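Here's a quick briefing to keep beside the viewer. Have a look at the chain first, then read on.

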Amino acid sequence: DVCSSDLVYNPWLKTLKMVVGETIPDTKDPDIIFEMEENSDAILDLNQNKLFWEFSLKPKEAKIIILRYRVHYPKGKTIIDIKNVFQIQTFKRKAF
């Protein structure tokens with residue numbers, strides 16, 4: 001399993017609207033399959049091959065985002081460079 005949980009925190013005194021994005025893992029090898037097990041209710045955009053989370057955080061509020069995949073591949077096949085590359089990117093932050 002490849003799993004990540006990341007904390008998004010609003011340190012400001014105003015409510016912030018957050019949009020967090022993550023690229024969906026993909027491979028050109030048909031023998032390797034990524035099965036998503038948990039995505040914290042993400043919005044799936046197959047056109048961009050991304051997951052998005054949209055939410056508001058009140059001042060000093062935090063949210064945990066969990067992303068978990070199971071990787072299936074043939075026994076005996078060596079998989080190079082599978083690592084957790086989940087990175088939070090704030091695309092827009094708007095105070096209300």
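What follows covers strand pairing, one asparagine and a surface patch.

This is a predicted model, where local features need pLDDT of at least 70, side-chain atom pairs count only at pLDDT 80 or more, and totals for chains, interfaces and linings use all residues. Residues are numbered from 1 along each chain as its sequence is written, and side-chain values use heavy atoms, with hydrogens and water left out.

**Strands**
- Strand β1 (residues 2–9) pairs antiparallel with β6 (residues 62–72) over eight bridges; strands here are DSSP E runs of at least two residues, numbered from the N terminus, and pairing takes at least two DSSP bridges.
- In that pairing, C3 sits opposite R68 of β6.
- β6 also runs antiparallel to β3 (residues 33–38), joined by five bridges, with I33 facing H72.

**N10**
- You'll find N10 in the loop between β1 and β2 (16–23).
- N10 counts as buried because its relative accessibility is 0%, and buried means under 20% relative accessible area (1.4 Å probe, protein chains only).
- A polar side-chain atom of N10 lies 2.9 Å from the backbone nitrogen of W12.
- Leaving out residues up to four places away in sequence, N10 touches T15, L16, L57, K58, P59, K60 and E61; touching means heavy atoms within 4.5 Å.

**Surface patch**
- L7, Y9 and I64 make up a nonpolar surface patch with about 330 Å² of accessible area together (Shrake-Rupley method, 1.4 Å probe).
- L7, in β1, is exposed, at 56% relative accessible area; the cut-off for exposed is over 50%.

How values were computed
Patches are made of residues with over 30% relative accessible area and no salt bridge: like charges are joined within 9 Å, nonpolar side chains (Val, Leu, Ile, Met, Phe, Trp, Tyr) within 5 Å. A salt bridge is a side-chain nitrogen of Lys or Arg within 4 Å of a carboxyl oxygen of Asp or Glu. Helices (H or I, at least four residues) and strands (E, at least two) are DSSP runs, numbered from the N terminus. A polar contact is a pair of N or O atoms within 3.5 Å; within protein, one must be able to donate a hydrogen and the other to accept it, and residues adjacent in sequence count only if both atoms are side-chain atoms.
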